[in-house]
Amino acid sequence: MRRARIAYGGAIHEAIEWEGFLKLEDGRIVEEHNVSWLTPIEPRTVFALGLNYADHAAELAFSAPSEPLVFLKGPNTFIGHQAYTRRPANVTYMHYECELAVIIGKTARSVKREDAYKYVKGYSVANDYAIRDYLENYYRPNLRVKNRDTCTPFGPWIVDMKDIADPMNLKLTTHVNNQLVQEGTTADMIFDIPSIIEYLSSFMTLSENDVILTGTPKGSVDTVVGDVVVTEVEGIGRLVNTIIGDDSFTNG
Amino acid sequence: MFKLLLANLLEFNFFIFILTKGVKRMSSAKMKVLGKRELVFGEVNTKTNTVKIKDNKFNANEIQFDTPITGTVFGTLLNYKGALERLGDAVNNEPYNSPPIAPVLYIKPANTFNRYGAAIPMPIGITKLEIGAALGLVIGKKAVAVDEETALTYIAGYTIVNDVSVPHESVFRPAVQHHARDGFCPIGPWIIDRHEVDNPDDLIIRVFINDKLRQESSTSNLIRTVPRLLVDVTEFMTLSKGDVLLVGIPEEAPQAQVGDKIRIEITGIGSLENVILEETENNRRGTI
């Protein structure tokens with residue numbers, strides 16, 4: 001089942017995908033373009049992995065890490081499907097990152113990799129934008145690069161764990177203005193989902209609605225104001241985002 | 001002559017200051033009492049560590065405080081002059097290559113939240129923990145791209161945060177494994193109203209381990225002052241009501257071990273006490 005959180009008719013609803021429409025919990029059936037998409041869950045702690053695809057690590061001139069390179073993201077950065085991401089006027093290199101998002105379903109501590117999927121509620125798609133102009137070498141990638149307002153589209157929905165036979169063999173693609181710019185497969189992750197859950201839960205407690213963004217394959221190119229960026233994970237979802245500029249913000 | 005006048009004036013002011021300091025007694029605060037759903041208002045005396053709630057007077061130790069925070073806690077690295085100076089020339093060498101430009105931030109996730117009086121779990125296989133004494137700015141309203149003049153008005157109040165970490169030398173990669181262990185972020189005991197603090201950039205911070213003074217610094221040593229930090233952070237990242245921004249950890253943070261009683265004091269805010277115990281399932285989950 002695919003479950004979304006949306007705003008419709010002046011209220012927030014849980015909805016499920018139903019024959020190309022959305023079915024609200026009160027039984028109403030609405031068209032997708034008539035709703036405002038929120039993030040499919042309200043994320044608690046969000047982990048993101050850097051350099052978790054060997055080809056992307058090479059692209060950034062890094063050798064593959066020997067232990068997961070993990071950073072955290074705050075709630076300010078998340079937006080839903082069909083929303084807008086801000087590109088500051090003075091930057092030169094802002095790129096999307098198509099990622100499989102894993103949503104934790106229950107409290108997890110010291111989990112062994114063979115049990116890891118028991119703690120997964122489902123999957124979604126995230127676009128973990130980075131603005132490379134702001135990269136600095138302190139706690140890199142730093143929050144100014146990775147935790148900006150509006151810079152992490154997440155959605156459109158969460159797909160139940162049991163509906164995905166093998167999450168480690170899914171195609172990832174990014175299209176900018178209908179042009180294919182990034183392509184990869186989750187099969188190429190350096191640390192797979194069970195290893196990441198084993199690693200994180202070895203030193204901290206994970207809880208329901210914690211989210212793990214599992215990293216992105218190679219294929220980063222600069223995106224500009226007006227670009228429509230579609231990040232898609234096979235069988236999970238197609239996440240649409242549009243880049244807007246400072247002129248949309250009066251405080252810019 | 002003018003100098004003399006000024007000196008007299010300063011002395012007089014100082015005299016008044018001492019006087020008022022003696023009289024100045026209770027500060028308005030909000031606190032979370034364990035088992036109560038809402039924050040309660042109280043008057044606290046940060047010197048005697050006493051609390052007045054609805055005409056009843058308590059010693060802070062008689063109250064079971066809960067974490068007074070529900071939002072996201074953001075830490076700031078290298079914001080004390082001494083902390084950056086300690087890196088010395090290393091900032092120009094690999095892997096850093098240049099001194100930091102923007103505030104270096106990190107997140108203390110929800111599993112780290114801990115409360116006044118509770119145990120800080122010593123992770124299995126670790127023997128020393130670093131005690132990060134931090135002034136916490138509790139955000140009172142949505143702060144987006146604030147300016148320096150009004151920055152302080154976004155603060156609801158101040159609290160004390162023990163930003164515990166597993167000691168680590170390198171600050172090149174995000175230190176999630178070091179900062180994000182269960183129970184590594186005691187917060188409290190209360191939130192002192194913003195209006196009770198004349199100047200957040202002039203507060204003495206002391207760390208006592210087993211009642212012995214182990215560190216003393218002042219927020220006057222910050223690289224980015226409190227208003228400046230809020231400006232530079234909210235330029236790219238909205239802070240919401242209930243979030244907490246830590247102003248930084250002074251250099252040479254003391255280390256502590258199992259059995260140690262930790263007390264962080266910040267003038268005008270209060271003192272936060274915790275003890276380090278061996279990790280157990282219970283203290284990891286914060287149930288004791």
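Residues are numbered from 1 along each chain as its sequence is written, while chains are lettered from A and ligands numbered from 1 in the order in which they are written. In this predicted model, local features need pLDDT of at least 70, side-chain atom pairs count only at pLDDT 80 or more, and totals for chains, interfaces and linings use all residues; side-chain values use heavy atoms, with hydrogens and water left out.

## The two chains

Let us start with secondary structure, where helices (H or I, at least four residues) and strands (E, at least two) are DSSP runs numbered from the N terminus. Chain A comes to three helices and 19 strands. Its radius of gyration, taken over C-alpha atoms, is 17 Å, close to the 18 Å that the globule rule gives for 252 residues, so chain A is as compact as a globular protein of that length. That rule is 2.2 Å times the number of residues to the power 0.38.

Chain B has five helices and 19 strands. The radius of gyration of chain B is 19 Å, close to the 19 Å that the globule rule gives for 288 residues, so chain B too is as compact as a globular protein of its length.

| Chain | Span of the C-alpha trace |
|---|---|
| Chain A | about 50 × 45 × 30 Å |
| Chain B | about 65 × 50 × 40 Å |

How much of each chain is tucked away? Here buried means under 20% relative accessible area, exposed over 50%, and partly exposed in between (1.4 Å probe, protein chains only). Buried residues make up 58% of the 252 residues in chain A, and 52% of the 288 residues of chain B count as buried.

Accessible areas come from the Shrake-Rupley method with a 1.4 Å probe, and for residues only the protein chains shown count as cover. Chain A has an accessible surface of about 9900 Å², with 48% belonging to carbon and sulfur atoms. Chain B exposes about 13500 Å², and carbon and sulfur atoms supply 53% of that area.

Contact means heavy atoms within 4.5 Å. Among contacts in chain A with a separation of 6 or more, 73% are between residues 24 or more positions apart. In chain B, 72% of the contacts between residues at least 6 apart in sequence join residues at least 24 apart.

## A covered helix in chain A

Helix α3 of chain A, residues 193–203, is mostly covered, as nine of its 11 residues are buried. Among them are Ile193(A), Ile197(A), Tyr199(A) and Phe203(A). What do these buried residues of α3(A) pack against? Their partners in chain A are β6, β7 (69–73), β11 (98–104), β12 (120–127) and β17 (211–213), joined by α3 (176–179) of chain B.

Thr85(A) sits in strand β9 (residues 83–87) of chain A and is buried, with a relative accessible area of 0%. A polar contact is a pair of N or O atoms within 3.5 Å; within protein, one must be able to donate a hydrogen and the other to accept it, and residues adjacent in sequence count only if both atoms are side-chain atoms. The side chain of Thr85(A) makes such a contact with the side chain of Asn241(A) at 2.9 Å. A polar atom of the Thr85(A) side chain also lies 2.7 Å from the backbone oxygen of Thr150(A).

In chain B, Tyr116(B) is found in the loop between β8 (113–115) and β9 (119–122). Is Tyr116(B) buried or exposed? At 5% relative accessibility, Tyr116(B) counts as buried. Its side chain makes a polar contact with the side chain of Asn61(B) at 2.8 Å. Leaving aside residues up to four places away in sequence, Tyr116(B) touches several others, including Phe65(B), Ile187(B) and Leu272(B). Tyr116(B) and Trp190(B) are 74 residues apart in sequence and 9.0 Å apart in space, C-alpha to C-alpha.

## Backbone details

Chain A has a cis peptide bond from Arg140(A) to Pro141(A), with omega near 5°. Pro141(A) lies in the loop between β13 (130–131) and α2 (143–146). A cis peptide bond also joins Gly155(A) and Pro156(A), where omega is about -5°, and Pro156(A) belongs to strand β14 (residues 152–160).

Leu51(A), a residue other than glycine, has a positive phi near 55°, and Leu51(A) is buried at 9% relative accessible area. Asp211(B) has a positive phi near 70°, and this residue is partly exposed, with a relative accessible area of 48%.
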